[in-house]
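This report covers selected local features of one protein model.

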Amino acid sequence: MNKRILALLLAVVSCIGVCLSLVGCNDECAHTNKMLIKDTTTCVANGIVTYQCRDCGITIEQEKNALGHNYEIISNTATCTTNGLQTSQCSRCQKREVVNVAAKGHSYGYKGICSICSKFQYDIQLSVSLPKEFKYEYKAGNHIYSKFILTKLSFQIEYSSIYINFEGEKTYDEDGAYGNERIYCTVVLKEKDTGKIIGSDSLYATNLIVGQTFKNDYHKICNVSDLESGKTYILEVVDRII
């Protein structure tokens, strides 16, 4: 009987020692290695954050202030020249906010092209709607040499000069698909109000066959100093040599 009592007492003492050692561990743990269990905080309300220490297993609760919305822009209907609506959405709670925003204004790069809407820096309007078919004629006799569709005209600024770029497709040769081979047209830049000619240049391309597309770049039409930002200019396309 005495041995049984002694064994029981030793077991109790051992258990108490283990418990005391665990308590001592918790008292000494810094609880730096913790994992998130729960967070009741929202964008607009304070909450409680619950952690559990990975080292000692203790649960820790901390108060936390409301997070506030984290808005990110998801759409903006404003253009370079017109006002619009900007819609933002919170990345946490998905709440949306819509506000009026002013026109962005053009952002011209060094080539004179707006990085937002691709508008050229100066107001140059075409005298025709593209795409349009043109023909190249002899200066005498109205003989049709060949035809082509002009699909695009664009401008850019390089070294204080304004250049025009042509794009299109060869559509016809009087002498057949491998006949006359060349196309020709002239563009004339004029002041809209006065009709004053500012500059001109010609597209001349050879070795083209019917159905072949072309792109001719860097045709100088005038100097930057020849144009004014507040004026409107007309670009006339002439299907002959002038």
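Asp173 counts as buried, at 4% relative accessibility; buried stands for under 20% relative accessible area, exposed for over 50%, and partly exposed for what lies in between (1.4 Å probe, protein chains only). The model is a predicted one, in which local features need pLDDT of at least 70 and side-chain atom pairs count only at pLDDT 80 or more, while totals for chains, interfaces and linings use all residues. Residues are numbered from 1 along each chain as its sequence is written, and side-chain values use heavy atoms, with hydrogens and water left out.

Asp173 belongs to strand S10, which spans residues 161-173. Strands (E, at least two residues) and helices (H or I, at least four) are DSSP runs numbered from the N terminus. The side chain of Asp173 is in polar contact with the side chain of Lys170, at 2.9 Å. Such a contact is a pair of N or O atoms within 3.5 Å; within protein, one atom must be able to donate a hydrogen and the other to accept it, and residues adjacent in sequence count only if both atoms are side-chain atoms.

**The sheet**

Three strands form an open sheet in the order S4-S5-S6, with antiparallel pairing. The edges are strand S4 (71-76) and strand S6 (96-101); each has a single partner strand, so one side of each is left without a neighbour in the sheet. From one strand to the next, the twist averages 30°. Angles run from 0 to 180 degrees between N-to-C directions, and axes are lines fitted to C-alpha atoms, for helices over the stretch in contact.

Strand S5 (residues 84-90) pairs with S6 in the antiparallel sense over six bridges. Two strands pair if DSSP finds at least two bridges between them. Across this pairing, Leu85 stands opposite Asn100 in S6.

**Backbone details in loops**

The peptide bond from Leu130 to Pro131 is cis, with omega near 5°. Pro131 lies in the loop that links strand S7 (123-126) and strand S8 (132-137).

Ser118 has a positive phi although it is a residue other than glycine, and Asn207 likewise has a positive phi without being glycine.
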